[in-house]
Amino acid sequence: MRLKMNLQWKLSFLFLLNLGITIIFINFVTKYAINQHFYQFCQLAESGIPKCLQSQAGLQFMASINSSLWVVSIFGSLLALFLGYLFSRSFLKPFQNIITSTKQVSKGDYKIRIKAKTYDETDELIVALNEMYGSLERIETLRKELVANMSHELSTPLTNIYGYLEALSDQVITKKHDRKTALKLIKSETERLIQLIGELKKLAILESDSAQLSLSKIDINQLIKKTTQSFTNKLKDKKILLKTSFDDQIGKISVDKNKIQQVITNLLDNAIKYSAPQGAITLTTKKINNRQLNIIIKDQGIGIKKSDLPYIFERFFQADRSRSNKVGIGIGLTIVQKIVTAHGGQVKVSSIYKKGSTFIVTLPILS
Ligand code: ADP
């Protein structure tokens, strides 16, 4: 409201000032011109110039011109103020809508959209704000779902573990074979809990300032080789073949070692997660030119629908949750993008639904 009043009056006075200056200018020019014309007229008068200038008719003529100019000036200014106020009110209406909507959003109502159409640059601002509200609404919905799912996902294995442990300690399970089975189940439920906690740790990484890089010169091929070794068991479990190809032309480059390792881990983890058993994954590094290199991770997994592709880097987004693994929380790729962008690089994805996906990380070669 304050902004509206302030701006509205400011614009009205600007209008007034503009027209006021024009009126004063016209006032002076007109007076000067009429004086000149009257002098020229008196040059022709028989009574002579001084007498003509001082004559009753002459003085009255000049006085009436003067007062007419004043009346025009005052009414003109009032009209300018009135029109300025009127125009600025319609000009400021969309801004009032913008203020109302941002207040609503700050209270947590992300459904609001600005409806105004101004046919000028303000439209760009309105479109950008509406997009931002849309994105906030999506994130908020996904966040709520995540909290609900996570509490369920954490409590299920815990309840199971508790049940098995109780049965074991009360000696309800007596047979050696059944005890072994119960222990196996406790182990797998514990692994699931560890995985879930790992996902929550990822969330902490995302919230921490991943734009802060601690750069050091490293052999990126070596770093990737080392990272892939930690996936040996996962690959074995799903009988997935990982084919690697490293470009030796890439020398040592300046990156944040831990963060790039996180990028490879997340992408490789996804490639395995979303691949069917006995699938194949290829991991390639390639120097594009003296300034850039590519890290390409290609799988033959479930693929991503075209309609989901624009959103997969968004926080908490999970394409087709029923097909996705239940452990993920949709932030792995958000972290990847954040880290790669902080390095001045970019990450792209291409995918064919049910056929597989390819993630290409492009990094600048900083020596
Ligand atoms: P999540 O923890 O769910 O894997 P991500 O941010 O890593 O979260 O990925 C977001 C979504 O993108 C996933 O839920 C999944 O649907 C899709 N996705 C990511 N990588 C792949 C892949 N290699 N193949 C198929 N879908 C993928």
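Strands here are DSSP runs of E with at least two residues, while helices are runs of H or I with at least four residues, and both are numbered from the N terminus. The structure you are looking at is a predicted model, in which local features need pLDDT of at least 70, side-chain atom pairs count only at pLDDT 80 or more, and totals for chains, interfaces and linings use all residues. Residues are numbered from 1 along each chain as its sequence is written, and side-chain values use heavy atoms, with hydrogens and water left out.

Is Asn 294 buried or exposed? Asn 294 counts as buried because its relative accessible area is 14%; buried means under 20%, exposed means over 50%, and partly exposed is in between, with a 1.4 Å probe and protein chains only. The side chain of Asn 294 meets the side chain of Thr 362 in a polar contact of 2.8 Å. A polar contact is a pair of N or O atoms within 3.5 Å; within protein, one must be able to donate a hydrogen and the other to accept it, and residues adjacent in sequence count only if both atoms are side-chain atoms.

Gln 300 is classed as exposed because its relative accessible area is 53%. Follow the chain for 55 residues and you reach Lys 355, yet the C-alpha atoms of Gln 300 and Lys 355 are separated by 5.6 Å.

Lys 354 sits in the loop between β6 (346-352) and β7. Its phi is near 70 degrees, a positive value in a residue other than glycine. With 63% relative accessibility, Lys 354 is also exposed. Strand β6 itself holds Val 349, which is partly exposed at a relative accessible area of 21%. Val 349 and Ile 218 are 131 residues apart in sequence, and their C-alpha atoms are 26 Å apart in space.

Now let us turn to the ligand. Which residues are closest to the ligand? They are Asn 270, Tyr 274, Asp 299, Gln 318 and Leu 333, out of 22 residues that surround the ligand; a residue is near a molecule if one of its heavy atoms lies within 4 Å of it. By class, this shell has eleven nonpolar, eight polar and three charged residues. Here Ala, Val, Leu, Ile, Met, Phe, Trp, Tyr, Cys and Pro count as nonpolar, Asp, Glu, Lys and Arg as charged, and the others, Gly among them, as polar.

Three elements, α8 (257-273), α9 (332-342) and β7 (356-364), each supply at least two residues of the shell. The most comes from α8, with three residues.

Some polar atoms can be picked out around the ligand. A polar side-chain atom of Asp 299 is 2.9 Å from a nitrogen atom of the ligand. An N or O atom in the side chain of Lys 273 lies 3.0 Å from an oxygen atom of the ligand, and a polar backbone atom of Gly 330 lies 3.2 Å from an oxygen atom of the ligand. Taken alone, the ligand exposes 520 Å², and the protein buries 99% of that.

Elsewhere, helix α1 covers residues 2-44 and contains Thr 22. Thr 22 is partly exposed, with a relative accessible area of 40%. A polar atom of its side chain lies 2.7 Å from the backbone oxygen of Asn 18. Thr 22 and Ser 73 are 51 residues apart in sequence and 9.5 Å apart in space, C-alpha to C-alpha.

Gln 171 is in the loop between α4 (122-169) and α5 (176-207). Although Gln 171 is not a glycine, its phi is positive, about 55 degrees. Gln 171 counts as exposed because its relative accessible area is 60%. Helix α5 contains Ile 197, a partly exposed residue with a relative accessible area of 42%. From Ile 197 to Leu 154 there are 43 residues in sequence and 8.8 Å in space, C-alpha to C-alpha.

Key: Areas by Shrake-Rupley, 256 points an atom, 1.4 Å probe, with all protein chains shown as cover.
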